Amino acid sequence: MTLNTEAALAPKGRSLRPVPMLIFGSRWLQLPLYIGLIVAQGIYVVLFVKELWHLFAHSFDFSEQQIMLAVLGLIDVVMISNLLVMVIVGGYETFVSRLNLQGHPDEPEWLSHVNASVLKIKLAMAIIGISSIHLLRTFIEAGGLASGKTGYTETGVMWQTIIHTVFILSAVGIAYVDKLSNGAIEAAKQQGAH
């Protein structure tokens, strides 16, 4: 939607002042950021194909643990790609402009009720999922700590676990604050209705 279209949509008898129009129109400055994230997602597709080819080429050479670590790497790339889709689609819909996908057979289910609050919780959950994959890879590779055949140290494993726990606590905190604010909004609506 352009600034002229936005001015045309202003309530009759009221014209938008230049400064508010400029401020409201500045949301379009985010468009190059979302396009950049689409490019980054393309790079992740290339990385996925490269890792998949590497796994396929070494499928007879790798041990079960190496195959498991390679598959976890593929899952990690997919989860990061999912996070990118949530940020691109949800962020654009929330902060820039409507996508107007109603009735489209491929419209994501979550898009119909996305807002900044829902997007924060979804992103926090995606980050926890990505962190879980990294932590699982660390635990699998940490089996060689005693033999010294791994690049991990006990302190490194401990810090990864602590950071993962902080991610979980942060997500719980975000969800709790969101629940409190939604409860306050509902209570205000009910008082206003009486």
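**Aromatic contacts in close-up**

**View 1. W28, Y34 and Y92 make up one aromatic cluster.** The model is predicted: local features need pLDDT of at least 70, side-chain atom pairs count only at pLDDT 80 or more, and totals for chains, interfaces and linings use all residues. Residues are numbered from 1 along each chain as its sequence is written, and side-chain values use heavy atoms, with hydrogens and water left out.

**View 2. W28 and Y92 pair edge-to-face.** The structure holds three aromatic pairs. Rings of Phe, Tyr and Trp (its six-membered ring) pair if their centres lie within 6.5 Å; planes under 30 degrees apart count as stacked, over 60 as edge-to-face and the rest as tilted. W28 lies in the loop between α2 (18-25) and α3 (31-57) and Y92 in helix α4 (residues 64-96), so the pair ties together parts 64 residues apart in sequence. Helices are DSSP runs (H or I, at least four residues), numbered from the N terminus. W28 is partly exposed, at 25% relative accessible area. Y92 is buried, at 17%. Buried means under 20%, exposed over 50%, partly exposed in between (1.4 Å probe, protein chains only).

**View 3. W53 and F56 form a tilted pair.** Their ring centres are 5.7 Å apart, with the planes at 35°. Both residues lie in helix α3, three residues apart, about one turn of the helix. W53 is exposed, with a relative accessible area of 57%. F56 is exposed too, at 58%.

**View 4. The charged end of R27 sits over the ring of F24.** The distance to the ring centre is 4.0 Å. The term requires NZ of Lys or CZ of Arg within 6 Å of the ring centre and within 35 degrees of the ring normal.

How values were computed. Helices (H or I, at least four residues) and strands (E, at least two) are DSSP runs, numbered from the N terminus.
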